[in-house]
Amino acid sequence: MVKFFLDGKPAEAAEGTTLLQAAAQAGVRIPHFCHHPAFPPEGSCRLCLVEIEGLPKLELSCSTVVREGLKVWTETDKVLEARRSVLEFFLSDHPLDCPICDKAGECGLQDYFREYGLSQSVFDESKEKRGKKVPIGKNLLLDRERCVLCTRCVRFGRQVTRTEELGVFQRGLKTEIGIYDDTPVSHNYSGCLAEVCPVGAITDTDFRFKTRAWFLEKAASICPWCGRGCNITIEHAPGFPRVPGSRRIYRIKARYHPDVNGHWICDVGRYGYFHLDADRQDVILAKGKILEGPSSWEAVIRFLGARIAGLRADKALSRVGVVASSQLSNEELFLVRRLFLEDLDIRKIFLADPQEGTPDGFLLTAERTPNRKGAAEVGLKFGLPDLKSLAGELDLVFMFGLNLFDHFRGEDIRIFLSKTATKVLLTSQAPAASEAFDFVLPTAPAAEKSGSFVNIEGKVQGFAPVRPACGQALAEWDILLRLAKAVGVNAAFYSGLNGLDDIRQALDREFPLQTLKA
Amino acid sequence: MKAEFSPGLLAAIREVAGRYPKPQAALLPVLHLVQKEFGHIPPEGERTVAGLLGVNPIRVREATTFYSMFRRRPMGRYHLQVCVNLTCTLLESRTLLGYLQDGLGLRPGDTTPDGLFSLSTVECLGACEQAPCLMVNEELIGNLDREKLEALLSRLRTDHD
Amino acid sequence: MIDTVLTENYGMESLKTIEGYLKCGGYKAAAKALRDMTPAQVLDEVKKAGLRGRGGAGFPAGLKWGFVPQNSGTPKYLCVNADEGEPGTFKDRFIINHNPHSIIEGALLAAYATDIHTAYVYIRGEYEFEARLLERAVQEALTHGYLGRSILGTAFSLDMTVHRGAGSYICGEETALLESLEGKRGQPRLKPPFPAAVGLFGCPTVINNVETLALVPAIVLNGSEWFRRRGLPQDPGTRLFGVSGQVAKPGIYELPLGTSLREVIFEHAGGLKVGRILKAVIPGGLSAPVLTPDEIDISLDSDSLAKAGSMLGSAAVMVIDQTTPILSVLKIVTEFFANESCGQCTPCRLGTGWMDKIVDRLAQGQGRRRDLDTLDRLAGGIKGRTLCPMGDAAALPVLSLVNKFRGELEEACRE
């Protein structure tokens, strides 16, 4: 560790740390645009200049490395004057777009302007007129008047995706970012470009004009769309919607994790949130009728519990089938195994996952489910039922999610269901053919419950609800636990489980996974 | 769409590219060859050059838009580039520029309708002892005055005929 | 009688051919070095001579060569900086046109001293004629065994390629030159790392100006003490002063460092034109702050000019007389730097553009006195804050013009 002085106070940092990083570690924020932790220092924005004792000129904190005994000052008059000056230069050719700019409220230029108290502008000339809605690919629009030429977007294309769609054209004040004629951004990480832009130059049409950043609440979660388990932040607007029936989840952003997804998430995950607000199954359907009222869950669970208990008494549990999926959390899969396989000795347990896709060579995995490894950890493997031979063999089937429809023709599924006496569907999305099921039970997706997934590299990651479950929805672990208690099997075990933490502990005792990190 | 490069041009490009450990380093010399051949660098030519040097076309465009000698629109047969930096201005190059503008009916950046002359202003050409100077395509002409300018234009007109 | 180092035989037409060069003692230094001296001895001689870079920065050449690592495990490169973009400067063109082989021999000696085997001459795109001259000289040198494999029968080899730029002043800055040579936009790089460690294609690289290298053969042949007989202890030797502007005899004058500016203008360059009065002198190219007539009794050397708030730079002396409005000089300065800014860093990109817009308005007769205060403040905001020295080059001349000619500029304002 290197000992140095930060604003007069002793500090320490690992060798090779830049002053900017070291200051951040000590809680001191130094303004910057072109610096991004994913890239080597760029040094072009000149905002991060600091004063180093003994040196006549201000130095860049983004590229100066800590040295033993170095004394750096981040808020002297000289430094503040330089910051004001650099900001003044930026603003001299920046449009007054704040009222119509999506970035307002989370804009580096706004924040630094406010923090470093700029005075009135003395710019009395004409600003450069540039393109304000330049399509650069997928959901992205480039506003060249707002661009501060930090070149993060260009470097992202060169260093991360290596697709190099964006370049820097012209020189001097005419310098601008752009794509080459017919080669727009088309990769699976386009959303990262809007995220990486420190101002409102690159905006995402998915978010454009939808809401204001200050209305959004942010909560951490894990992306459920593939085996990578990228860390995400879900941004949503609680309270009444501005437009009745409109969505509440507005945006997903990447959340940094050094071992899982770094600074990035792919477009599949970034734009995969519409299911949270649209086509939700938020009511209990029993034989096509909505079961309302505070005791509706109790009624359904009691009925199903009795059904299972009855089949158990008749030694007919071989006529019960479970189609789960590895989209369920570790805790839920543990309960599936515990209740159905071990306590009820039900052998016909299948895992139907979404159709596999093409991995993109970076984050997106072929498996489009977040917890296949977790399923394997608790001894459940992906395996599809043979619907044809199973048709007519079951009196009771529990189906978690609608993934069977990815693998079988709707007709074949309908035939299978019609030959099964009682069909229970647990789903967060409303099915097209809800009448094919006796019970449609609303479940909470990952964003609305607690749980954990094991990603493709074996890393256990926990998540907590971003918002309360929608309507009557319950987490699958909650439903399974209630069901287990209603069935009455292994009562001593289940009576000791009174919440998710208890389930986790039980899971850890039997299948020790790594310590969970929420 | 790619521009048609003659076998001679392709051979010259390959020869130049071979002088560098990385073919991308040959970009500027290659673009000079292309500009010499076509009088400017046609946009489709950017893609062809990119393919020959193993770089993305966007890198070629970065260069053609950065360097002031590269022209991306067709130029006149004779590109008159008048220096307007300090020494030449002190020695009346802007007056000569005015004569050219009036005489040819051009503003800097324009080409005559007959495609014969284009006019540009440029920065210091490094021949200040001969100020005022201009370049015609790649030829430097110094110690200009109005007479020499008239003579130059006649010579160029007759050469062309 | 001026004790020249470089321009001794510049009157000879044949000097530009290898036969003529050899006849005048050309490549004798190379023979002496490659046969009788070690690379360390060559480097030492140049260090002892105190040769400072002639491009504009004035960094000691021997010191620069010494930064190149001995065993880098990678190729090493030598770049001859023939970009000569500083307005008012034409000395390198002069050397190439008169004595191209002196550059090749100088490069050969530099490469020998630093164990470099590949050299590129980066020559500005506008010097097409000079580029061809150099290419011809390179071919001659190859044929005669002064370039290529086994030079002069020794184990030393050096390849040289002439590489044309394409119109960009900033490519005279050494790291922008490297970027351009690599086929990219000419944008200067962050330093550190310095080119001696990470340069062309990421390998150790030496970049020297044409005139600097052209002086090396004479130093190696005659020794550092001989060289130091001219000039000043801290700035030895001679320089090619390029005098232009409103003088009677514009041209190149090889004079010892320490010559006074007054002498250069009035004795060598013939003084002003008939009936004219001196108004201002720029001593080192357009990037150098301006000097007023009462400041011309100054020694032309790096340190004296720096102390006086200007710089020797490329030793390009530009003479301005009273018939020239200082506003037109200011306009040329701001327009030039706005045109040539690479656009990479904030103060230069936005600052040069803003300053030029203000001066444009002044030139249209729409200026106000407070605009001069703004110019002063903006230039102050650029100074010392940019990624490369061009920021200072853009700012300091503006500061000097606005401060030293405030009265005249105020008169040009409408309020």
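Predicted model: local features only at pLDDT ≥ 70, side-chain atom pairs only at ≥ 80, totals over all residues.
Reader: What makes up the area that chain B and chain A bury between them?

Author: Buried area is the accessible area (1.4 Å probe) that two parts lose on being put together, summed over both. For chain B and chain A that comes to about 1,200 Å², with 44% of it on carbon and sulfur atoms. Three residues, I58(B), R61(B) and E62(B), supply 43% of the area that chain B buries against chain A, more than any other three residues.

Reader: How many residues does the contact take from chain B and chain A?

Author: Contact means heavy atoms within 4.5 Å. By that test, 13 residues of chain B and 15 residues of chain A take part.

Reader: Why is the pairing of R59(B) and E164(A) called a salt bridge?

Author: The term asks for a side-chain nitrogen of Lys or Arg within 4 Å of a carboxyl oxygen of Asp or Glu. Here N and O of the two side chains are 2.5 Å apart. That is within 4 Å, so the pair R59(B) and E164(A) qualifies. Chain B and chain A share four salt bridges. The two chains also have eight residue pairs in polar contact, both residues at pLDDT 80 or more. A polar contact is a pair of N or O atoms within 3.5 Å; within protein, one must be able to donate a hydrogen and the other to accept it, and residues adjacent in sequence count only if both atoms are side-chain atoms.

Reader: Which elements of chain B give two or more residues to the side that touches chain A?

Author: Helix 3 (43-53) and helix 4 (57-66) of chain B do. Helix 4 of chain B gives the largest share, seven residues. Helices (H or I, at least four residues) and strands (E, at least two) are DSSP runs, numbered from the N terminus.

Reader: What makes R467(A) and E448(A) a salt bridge, and where do they sit?

Author: Their side chains come to 3.1 Å, N to O. The pair links distant parts of the chain, 19 residues apart. R467(A) lies in the loop between strand 22 (460-463) and helix 14 (476-487) of chain A. E448(A) lies in the loop between strand 20 (439-442) and strand 21 (451-454) of chain A. Both R467(A) and E448(A) are buried.

Reader: How do you know whether K91(C) is buried or exposed?

Author: Buried means under 20% relative accessible area, exposed over 50%, partly exposed in between (1.4 Å probe, protein chains only). K91(C) has 2% relative accessibility, so K91(C) counts as buried. D92(C) also counts as buried, at 2%. The two form a salt bridge, with the closest N and O atoms 2.9 Å apart.

Reader: Why is K184(C) called partly exposed?

Author: Because its relative accessibility is 21%. E179(C), at 14%, is buried. The side chains of K184(C) and E179(C) meet in a salt bridge of 3.4 Å, N to O.

Reader: How many residues does chain A have, and what share counts as buried?

Author: Chain A has 518 residues, and 58% count as buried. For chain B, with 161 residues, the figure is 55%.

Key. Residues numbered from 1 in each chain as written. Chains lettered and ligands numbered in written order. Heavy atoms only, no water.
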